Amino acid sequence: VNLLGQVNPIYLLIGFALEAAAIVAYAQLTRSVLPRRSDPGLGIVLRIQLATLGLSHTVPGGAAAGSSLGYRLMTEAGIDGADVGFALGTQGLGSALVLNALLWLALVVSIPTQGFNPLYVSVAMVGAVLIGGFALLVLLLTRGEERAAVLLGRLAAHLPLVEAAVVERVVHRLALRLRELAGDRAVLARAVGWAAANWLLDAASLWVFVAAFGHRVGIDGLLVSYGLANVLAAIPITPGGLGIVEGVLTSSLVGFGTTRGVAILGVLSWRLVNFWLPIPVGGVGYVSLRWAPGHAHPTGPEATEA
């Protein structure tokens with residue numbers, strides 16, 4: 001109660017603004033990996049991102065449900081299904097790789113001065129699995145494109161309502177988009193830049209919310225705590241890492257010198273805008289998309305692929 005009475009409201013407003021900027025950066029990441037001809041504009045992509053965030057924060061394994069909703073909304077906005085699949089996959093995997101890179105960089109700086117924590121091993125294993133899976137996917141789509149297309153087509157032939165020819169066509173389209181992205185350094189740099197901006201703005205928002213209650217966390221301690229919580233939150237146990245993020249963040253910040261009361265209030269305040277606020281805002285975004293003038297369900301290749 002004493003800490004609540006001393007909170008700095010200006011810091012709370014700044015933290016809210018930084019969190020909003022982080023969501024905009026994530027929407028820009030999506031736009032950066034979409035072909036220019038398919039870009040529906042920041043307003044539509046932002047509302048789609050908020051809708052998917054809101055859903056992913058309310059159901060177990062929410063990332064899969066959110067991606068499914070995002071795919072449907074983007075195809076209904078007129079974007080080709082293969083382009084949407086590539087954008088969502090690249091966005092998710094690329095963003096996770098950037099987060100792991102930021103965490104490992106922070107660990108390199110922090111371990112010599114703060115010491116080693118056994119939790120770092122678990123996080124390193126999660127990161128290794130992620131990077132290994134990403135490398136395998138790239139290898140399949142670049143070196144074994146024909147084999148992957150045939151194999152997935154055969155598997156799809158045994159599934160109801162799925163056409164093998166459509167699956168093979170999507171695999172080839174994804175491989176083409178991957179080669180285009182790898183060959184366009186400007187687009188690749190923009191994608192990495194927006195992914196880094198999303199994580200860093202979100203982490204900065206956390207720093208400000210903790211500072212609002214009177215403690216300023218060191219940059220290395222902030223990034224290590226933030227990275228640990230978000231990497232572990234990728235394990236689909238609870239929606240959006242609910243409970244995992246709060247527990248890991250609070251204990252990590254305390255380990256880096258934040259008093260327990262400040263850590264608890266700072267993390268809960270940050271999660272109010274990071275986790276809870278996107279749920280009602282995402283609902284509003286979804287309704288606005290459904291009732292937007294000219295909205296129509298897709299009919300054609302996009303609908304078939306969906």
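This is a predicted model: local features need pLDDT of at least 70, side-chain atom pairs count only at pLDDT 80 or more; totals for chains, interfaces and linings use all residues.
Colleague: Which residues of α4 are buried?

Modeller: Among them are G62, G66, L69, G70 and Y71, along with L73, M74, T75 and E76. Just beyond the helix, G78 takes a positive phi of about 100 degrees.

Colleague: How should I read charged side chains in a helix like this?

Modeller: Here is the general idea: side chains of opposite charge can pair when their charged atoms come close. An α-helix has 3.6 residues a turn, so residues three or four places apart point the same way. Now the case: R72 and E76 sit four residues apart in α4, about one turn of the helix, and they form a salt bridge whose closest N and O atoms are 3.6 Å apart. R72 counts as partly exposed because its relative accessibility is 34%, whereas E76, at 12%, counts as buried. R290 joins R72 and E76 in a network of salt bridges.

Colleague: How many salt bridges does the structure hold?

Modeller: There are four. One of them pairs R271 with E246, with the closest N and O atoms 2.9 Å apart. That pair links distant parts of the chain, 25 residues apart: R271 belongs to α12 and E246 to α11. Both are buried, R271 with a relative accessible area of 4% and E246 with 13%. Another salt bridge joins D39 to R31, at 2.7 Å between the closest N and O atoms. D39 is partly exposed at 26%, and R31 is partly exposed at 23%.

Colleague: And the nonpolar residues: how do I read those?

Modeller: In soluble globular proteins, nonpolar side chains tend to be buried together. In this model, the largest nonpolar core has 48 residues, and L206, Y226, L249 and W270 have the most contacts inside it. Several helices give two or more residues to this core, including α3, α4, α9 and α12. The most comes from α5, with nine residues.

Colleague: What is W270 in contact with, leaving aside its neighbours within four places in sequence?

Modeller: Its partners include L206, Y226 and L249, as well as E19, D202 and F209.

Conventions:
Residues are numbered from 1 along each chain as its sequence is written. Side-chain values use heavy atoms; hydrogens and water are left out. A nonpolar core is a set of buried Ala, Val, Leu, Ile, Met, Phe, Trp, Tyr and Cys residues joined through side-chain atoms within 4.5 Å. Buried means under 20% relative accessible area, exposed over 50%, partly exposed in between (1.4 Å probe, protein chains only). Contact means heavy atoms within 4.5 Å. A salt bridge is a side-chain nitrogen of Lys or Arg within 4 Å of a carboxyl oxygen of Asp or Glu.
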